[in-house]
Amino acid sequence: LNSRGVWLTYIILVFVLHFILLSIPYITTSVAWTLTTTIHNICNYYIFHVVKGAPWETSDQGLARRFTFWEQIDNGIQWTGTRKFLQIVPVVLFFIASFYTQYDKTHFIINLATMLLAVVPKFPIFYGVR
Amino acid sequence: LQYLLNTALYMLEPWERALFSAFLFAIISTALYSAFVFL
Amino acid sequence: EDFEETPTWAAVVTVLGYAILSALGWLRDFLRHIGFEEKKTAHDPNPKNFVPLYQSYECFYTRNLYTRIRDVFNQPIASVAGAKVHIMERISDDFNWTFKFSGKKIPSINLGSYNYLGFAENQGPCSEQAIKSIEKYGVSTCSTRHELGNQRYMQELETLMAEYLNAEDCIAFGMGFATNALNIPTLVGQGDLILSDRLNHISLILGARLSGATICPFNHNDMKDLESQLRKAIISGQPRTCRPWKKILIIVEGVYSMEGSLCKLPEIIELKKKYKAYLYMDEAHSIGAIGSRGRGVVDYWRVDPNDIDVHMGTFTKSFGSAGGYIAGKKALIDHIRIYSHSACYSTSMSAPVCYQIISALSIIMGRDGTNDGQQRIQQLACNVRYFRRQLVDMGFIVYGNDNSPVVPVMIFMPAKIAAVNREMLKRGCAVVTVGFPATLLTESRVRFCISAGHTKEMLDHALKAMDEVGHLVSLRYSKQKPHRRWI
């Protein structure tokens, strides 16, 4: 995640997701943004806070198995650049979605709920909490 | 070959390549259709 | 040394490629999970009623990325790993889940093996000495040094090696990896600090972990970072108790085999003297291959060998043999002789392996009455500079030092790892391509190992092949200068 180009790729993937949803004729712009936010936040939550271990054999004699992806970033050091970036993306998406849905109540509640799902587990206080 | 190498499809089996290419084609065609309808 | 930065678009396309492979990998795992697709691996990573050794998730990468291109890895060879090599052709009709030998042998130029001075031969003085030693000593002592004691040829090897390195004493082991992994625990322990380069070899990392000392990695070849770590360690002492560290050991390598870079030895020695730390120098890839007399980076930088506390190296890469050595002060070596795990768990070195080294050493030191050794060292230096120069002129991103015998050319994308390997093999060149997790995700590369045994014709053939493959697979990423095709 610290490698060059990974953050840019992350942003590109989010916009490709939005572009795919926007291409479907019957989906309006506000529904497209809410769907983008919701799908992104749920995938973000699953990949960073549910999956544990590493998808390849690490040489740390199984140490990584107990930690989620999020806890393994930068060996657990909090508030690094990568962590801040991953913390900010759901919030920015929430603001964009709120803007494009003209602050409609239903959309707002859905976007807020999924944004909290993606942001709250990233707080340092929840490090290692199960 | 450049398309297969840059999208990493070069490593996949033929049916996976076809699946991914069809998916890509579907996205681009719906995007063009929507753009056409919208514009 | 230059490490040209990865072009941003190449990095993005590489990460996108891994994202696509992961998504399709998840799809395949799902199809296997619902039974739609037959599982070709062992039923589960963990057979029933057995303690789970692997999480199935840890095999995700092996199952869905590595298996797809593993025809280019671990290719069996049917000849000595010399300047030329015969690759045994393998055929798979189930996308690399299983292989069959076709019986064909593909003669190729060997650009993948570590054979820096070209001593990996099955004829000539070295092999004759090795064969003769089997008749005299047999193949193995089948016992450890602590149990059965030292063989005469071991003492001969260690004395010769100590003289070669200009050190007081030397001890040799049967395996290069074990030389690091099983001897670092005899040097440091609880309450000591190890400052390790971030790109150190896995055997150094394992040895450091086994020792129980505290490990602090510093950025690769970054002397400022090393100094700041040293200062911080001395000022703040051990965590929690703040007691001073008993010992501080700096562990670096002479040549980093994945980067092709050389360590900045003069600056490291200056820092170790300034902060009174110890220095452990792993010369696995540099002994024999670097320096005007082949004595490694100590020779290359012309520093005093006594400034380095622990000289380590292997006999695999430059001497066409196997095993490793540690050299230094006599007190240190005596300590290691007594306390080394390797001396009481692993069998002594085999006689032919030893005599291969002894005769290679005698040739390098000019004891055989010829200057064949010096010629090989010069030849390697010329081959390296020539090969690297041509690759840079052709527009490839080449990492590392101009004098390093390892020449990494950047590929970046995962699919190109397989494409380059297959296309080069078609053109009669056996190369090693390396990808994640041995390198960073976005830094896959093809790593050429140059040998003194390569003739100019071989190198030209390889350069011409690399030029064609580089054009076909579009590897010319460098922005530094106008590219030119191979003339």
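Predicted model: local features only at pLDDT ≥ 70, side-chain atom pairs only at ≥ 80, totals over all residues.
Close-up 1. Strand S2 (residues 100-110) of chain C and S13(C) run parallel to each other and are paired over two bridges. They belong to an open sheet of three strands, which has the order S1-S2-S13 (chain C) and mixed pairing. Strand S1 (84-91) and strand S13 (429-430) of chain C are the edge strands, and each of them pairs on one side only.

**Close-up 2. The seven-stranded sheet of chain C.** Seven strands of chain C make up an open sheet with mixed pairing, and their order is S3-S11-S10-S9-S6-S4-S5. Strand S3 (169-173) and strand S5 (214-218) of chain C stand at the edges with a single partner strand each, so one side of each is left without a neighbour in the sheet. From one strand to the next, the twist averages 20°.

**Close-up 3. Strand S3(C), its partner S11(C) and the helix across them.** The pairing of S3(C) with strand S11 (residues 324-328) of chain C is antiparallel and extends over five bridges. Within this pairing, Ile171(C) has Ile326(C) of S11(C) as its bridge partner. Helix H12 (residues 330-339) of chain C lies across S3, strand S10 (310-314) and S11 of chain C, and this helix runs at about 30° to S3(C).

Close-up 4. Strand S6 (residues 248-253) of chain C is mostly covered, with six of its six residues buried.

**Close-up 5. The ring pair of Phe48(A) and Trp70(A).** Over all chains, the structure holds 26 aromatic pairs. In one of them, the rings of Phe48(A) and Trp70(A) have centres 6.4 Å apart and planes at 90°, an angle over 60 degrees, so the pair counts as edge-to-face. The pair links distant parts of the chain, as Phe48(A) lies in helix H2 (residues 29-49) of chain A and Trp70(A), 22 residues apart from it, in helix H3 (residues 69-72) of chain A. With a relative accessibility of 8%, Phe48(A) counts as buried, and Trp70(A), at 3%, counts as buried too. The ring of Trp70(A) also has the charged end of Arg83(A) sitting over it, 4.9 Å from the ring centre.

**Close-up 6. Trp56(A) and Tyr61(C), a ring pair joining two chains.** Centres 6.3 Å apart and planes at 75° make the pair of Trp56(A) and Tyr61(C) edge-to-face. Trp56(A) lies in the loop between H2 and H3 of chain A, whereas Tyr61(C) is in helix H2 (residues 60-66) of chain C, so the pair joins two chains. Trp56(A) is partly exposed, its relative accessible area being 27%, while Tyr61(C), with 13%, is buried.

**Close-up 7. The contact between chain A and chain C.** Chain A contributes 21 residues to this contact and chain C contributes 25 residues. The two chains bury about 2,000 Å² between them, and carbon and sulfur atoms give 61% of that area. Of the area that chain A buries against chain C, 33% is supplied by Arg4(A), Trp56(A) and Arg65(A), more than by any other three residues.

**Close-up 8. The contact between chain B and chain A.** About 420 Å² is buried between chain B and chain A, with 80% of it on carbon and sulfur atoms. Ile27(B), Ala31(B) and Ser34(B) supply 65% of the area that chain B buries against chain A, which is more than any other three residues supply.

Close-up 9. In chain A, ring pairs link Phe15(A), Trp33(A), Phe99(A) and Tyr100(A) into a cluster. In chain C, the charged end of Arg376(C) sits over the ring of Phe119(C), at 4.2 Å from the centre of that ring.

Terms used. Residues numbered from 1 in each chain as written. Chains lettered and ligands numbered in written order. Heavy atoms only, no water. Phe/Tyr/Trp six-rings, centres within 6.5 Å; stacked < 30°, edge-to-face > 60°. Helix = DSSP H or I, 4+ residues; strand = E, 2+ residues; numbered from the N terminus. Buried < 20%, exposed > 50% of the residue type's maximum accessible area, 1.4 Å probe, protein only. Lys NZ or Arg CZ within 6 Å of the ring centre and 35° of its normal. Pairing = 2+ DSSP bridges. Axes fitted to C-alpha atoms, helices over the stretch in contact; angles between N-to-C directions. Contact = heavy atoms within 4.5 Å. Buried area = accessible area lost by both parts, 1.4 Å probe.
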